[in-house]
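Here's a quick tour of the fold, the core and a couple of loop residues. Keep the viewer open and follow along.

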Amino acid sequence: MSCVKDKMTVKNFIKEIISCYLYCGFLFLSLQYCLWDHFKQLGSMETRRIMNLAHLLADLVANFVVSLSLLKVVEFSDMRAMTPKVILHFRIFFKVLLTKYDNEVVLSAFKRIASSLELEGMRVKLSVFLHHHVVKGLLQASDSGGGLDDEQTMLMKKVMMVKKAMESNSSVF
């Protein structure tokens, strides 16, 4: 797992190996615990490792290897736990997930967590994180730079789309 965080060129190969092992029923809990351990270590990681882990996680979620429910251990509302590096990781993760994949994939990923009553608290905290650290960041950037570019506009629309998807199971189109 550490080679993935250090070298982007190996990332797709590792993602495929992880997918194959999980498809065959191996290592799911090991992967989940490994990712949870890495979430705890984000504050001490190098920026490059944080970015690579965010890209890997987005690919795993978008390819339905893992669910967004994996984020239930992240305390999005705890300001002490949300250090700048942790915020950076999850901002990159959500930006990649929301901009790299089409609407159907993104909606499916978020609808998987929408129906679970046990994940309601996580959905609320996730929605607050998206609003506070993604949407407000885009708005601040547009205020200082003269507006949103096309990618930022698309990201803003997708954030609103997934927030609606988490609030209900009805179609968001």
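The expected span of a helix is 1.5 Å times one less than its number of residues. Helix 5 has 17 residues, so it should span 24 Å, and its end C-alpha atoms agree with that at 23 Å apart. Bear in mind that this is a predicted model.

**Overall fold**

- Out of 173 residues in the chain, 43% count as buried.
- Take the contacts between residues at least 6 apart in sequence: 75% of them join residues at least 24 apart.

**The nonpolar core**

- As a rule, nonpolar side chains in soluble globular proteins tend to be buried together.
- Here the largest nonpolar core holds 53 residues, and the members that touch the most others are F39, L71, F90, F93, F94 and F110.
- Helix 3 (28-40), helix 4 (47-62), helix 5 (84-100), helix 6 (103-114), helix 7 (120-145) and helix 8 (150-167) each put at least two residues into this core.
- What does F39 contact once its neighbours within four places in sequence are left aside? The partners are L57, L70, L71, V73, V74, H89 and F90.

- Two packed helices are described by the angle between their axes and the distance between the axes.
- For helix 4 and helix 5, the axes come within 8 Å and cross at roughly 40°. That angle makes helix 4 oblique to helix 5.
- Is the crossing of helix 4 and helix 5 left-handed or right-handed? This crossing is right-handed.

- Helix 8 runs for 18 residues and reaches 26 Å from first C-alpha to last, close to the 26 Å expected at 1.5 Å a residue.
- Buried along helix 8 you'll find L155, M156, K158, V159, M161, V162, K163, A165 and M166. Note that two lysines, K158 and K163, are in that list.
- The axes of helix 6 and helix 8 come within 8 Å, crossing at roughly 35°, and the crossing is right-handed.
- Helix 6 brings N103, V106, L107, F110, K111, I113 and A114 to the contact, while helix 8 brings K158, M161, V162, A165 and M166.

**Two residues in the loop between helix 4 and helix 5**

- F64 sits in this loop and has a positive phi of about 60° although it is not a glycine.
- For context, most residues other than glycine have a negative phi.
- With a relative accessible area of 38%, F64 is partly exposed.
- S67 is found in the loop between helix 4 and helix 5 as well. Its relative accessibility is 16%, so S67 counts as buried.
- Not counting residues up to four places away in sequence, S67 touches R112 and I113.

Terms used
Residues are numbered from 1 along each chain as its sequence is written. This is a predicted model: local features need pLDDT of at least 70, side-chain atom pairs count only at pLDDT 80 or more; totals for chains, interfaces and linings use all residues. Side-chain values use heavy atoms; hydrogens and water are left out. A nonpolar core is a set of buried Ala, Val, Leu, Ile, Met, Phe, Trp, Tyr and Cys residues joined through side-chain atoms within 4.5 Å. Buried means under 20% relative accessible area, exposed over 50%, partly exposed in between (1.4 Å probe, protein chains only). Helices (H or I, at least four residues) and strands (E, at least two) are DSSP runs, numbered from the N terminus. Contact means heavy atoms within 4.5 Å. Axes are lines fitted to C-alpha atoms, for helices over the stretch in contact, and angles run from 0 to 180 degrees between N-to-C directions. Angles under 35 degrees count as roughly parallel, over 145 as roughly antiparallel, 65 to 115 as roughly perpendicular and the rest as oblique. A crossing is left-handed if the near helix is turned anticlockwise from the far one by less than a right angle, and right-handed if clockwise.
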